[in-house]
Amino acid sequence: RGVLTLNFVCFFVIPFFFFLSGYVARVKQKTFKEYFAHKFSTLMIPMYIFNIMSMFLFFIVGIFYNGPLVEELTKYDLTELQKIMVVLFAGAPAYNFPTWFLTCLFTTSIFFYFIFKITKDDTKKLLIVIIILSITGYLMESLKNVVPNFHYVMYFWFIPTALTSTTFYLIGYLTRRLQIFEVIEYNKNLKYLFFIIPFILLVITTHLFGFYKYPEYESYRGGPYMNHLLFGNFFIFYFSAFLGIIMSTTLSMFVKKNKYLDYVGKRTLYLLGFIGFFYQFTTGMVVYIYAIYIGSNNYLFFICYCIFFALVQLLLSLLLMKPVYTIVNKSVDKSKYMLNVLLGNKSF
């Protein structure tokens with residue numbers, strides 16, 4: 001049941017985040033240099049800061065605790081200096097892997113800029129690009145399995161993954177521009193319909209085509225995983241992703257605005273970075289405590305146990321939010337100014 005739940009979430013959650021990013025995407029800058037300075041400062045500078053913080057935390061925790069850390073920290077035989085170089089020059093977050101999303105979103109944004117300019121925002125041309133990218137991105141999984149050491153290319157600015165993420169980014173952009181969801185938002189019956197039907201279909205898809213059913217994916221906890229180029233069946237991947245996108249977007253229409261959700265919503269980038277702090281260094285200990293001292297086989301109890309620790313991590317994240325928010329914001333502003341000066345931008 002735990003694997004089924006993980007599969008259910010993995011089928012759509014990352015595509016949904018890229019869809020949302022595309023939904024709010026705009027090209028306000030006049031030149032590519034201005035656009036690059038803005039995107040690099042707002043996405044990559046936070047990624048670097050969170051990895052630096054996680055690196056120090058890793059060193060400190062390593063003195064007292066040598067238990068199971070997140071697999072990406074020990075997966076490849078790299079020295080600490082090599083890991084730092086990988087973070088700085090390859091955009092691969094060796095110390096805070098959840099922030100891979102920021103690097104991939106940066107690369108996706110660069111792809112989007114050129115696609116936007118080349119197609120001149122023409123809907124038909126954008127749809128053709130979406131089809132080409134979806135197929136090309138999917139083929140990266142096969143390439144990974146036949147090209148030696150492809151994992152070094154795979155994590156280099158997450159370019160292979162960005163082919164697929166740009167697909168969802170462009171779909172999100174077109175969805176907003178064509179006002180597709182506005183029709184649903186103001187019709188209560190349609191909202192229920194567009195939430196319940198995709199939810200049921202997604203549950204069925206998860207049960208019939210979950211990764212746990214395929215031996216070649218038995219070493220992975222659930223799936224698909226875009227960052228590792230694990231898609232499974234092409235049609236199932238996109239079908240389930242779109243079901244999850246429709247379901248999640250419609251569900252958000254039932255949620256009324258309030259200041260607490262607004263506060264968290266505006267700081268999701270920071271919560272992403274905090275996941276790297278707490279997930280990497282607490283998951284192993286939490287599982288160890290559960291297995292050794294609790295050992296209950298009750299699934300409901302295990303879920304409650306996980307929810308409790310998730311709430312603890314969320315509370316700690318909110319307590320650290322203000323100082324980290326200040327550090328990141330100041331760094332972003334300074335980086336944006338310096339990059340604009342270096343690139344010779346005049347209108348910043």
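The protein chain folds into 15 helices and 0 strands, where helices (H or I, at least four residues) and strands (E, at least two) are DSSP runs numbered from the N terminus. The model is a predicted one, in which local features need pLDDT of at least 70 and side-chain atom pairs count only at pLDDT 80 or more, while totals for chains, interfaces and linings use all residues. Residues are numbered from 1 along each chain as its sequence is written, and side-chain values use heavy atoms, with hydrogens and water left out.

Of the 348 residues of the protein chain, 44% count as buried; buried means under 20% relative accessible area, exposed over 50%, and partly exposed in between (1.4 Å probe, protein chains only). The chain exposes about 19,300 Å², of which carbon and sulfur atoms supply 71%; accessible areas come from the Shrake-Rupley method with a 1.4 Å probe, and for residues only the protein chains shown count as cover. Among contacts (heavy atoms within 4.5 Å) between residues at least 6 apart in sequence, 83% join residues at least 24 apart.

With helix 7 (123–146), helix 9 (residues 159–177) packs at an angle of about 150°, and the two axes lie 8 Å apart. Axes here are lines fitted to C-alpha atoms, for helices over the stretch in contact, and angles run from 0 to 180 degrees between N-to-C directions. Helix 7 and helix 9 are therefore roughly antiparallel to each other; angles under 35 degrees count as roughly parallel, over 145 as roughly antiparallel, 65 to 115 as roughly perpendicular and the rest as oblique. The crossing of helix 7 and helix 9 is left-handed, meaning that the near helix is turned anticlockwise from the far one by less than a right angle, with clockwise giving right-handed. Residues of helix 7 in this contact include L126, I130, L133 and G137, while those of helix 9 include L163, T167, L170 and R177. By class, the contact of helix 7 with helix 9 holds 13 nonpolar, 7 polar and 1 charged. Ala, Val, Leu, Ile, Met, Phe, Trp, Tyr, Cys and Pro count as nonpolar, Asp, Glu, Lys and Arg as charged, and the others, Gly among them, as polar.

Helix 12 (residues 234–253) meets helix 9 at an angle of about 40°, with the axes 13 Å apart. Helix 9 and helix 12 are therefore oblique, and their crossing is right-handed. T164, T167, F168 and I171 of helix 9 touch F237, Y238, A241, F242 and I245 of helix 12. These residues divide into 7 nonpolar, 2 polar and no charged.

Both helices return as cover for helix 2. In helix 2 (residues 13–23), P15, F16, F18, F19, S21 and G22 are buried, and their cover includes helix 6 (100–119), helix 9 and helix 12.

T99, in the loop between helix 5 (80–90) and helix 6, counts as buried because its relative accessibility is 0%. Apart from neighbours within four places in sequence, T99 contacts M47, F50, N51, P93, L272 and G273. L229, in the loop between helix 11 (188–209) and helix 12, is also buried, at 0% relative accessibility, and has a positive phi of about 55° although it is not a glycine. D121, in the loop between helix 6 and helix 7, has a phi near 60°, again positive in a residue other than glycine; D121 is partly exposed, with a relative accessible area of 23%.
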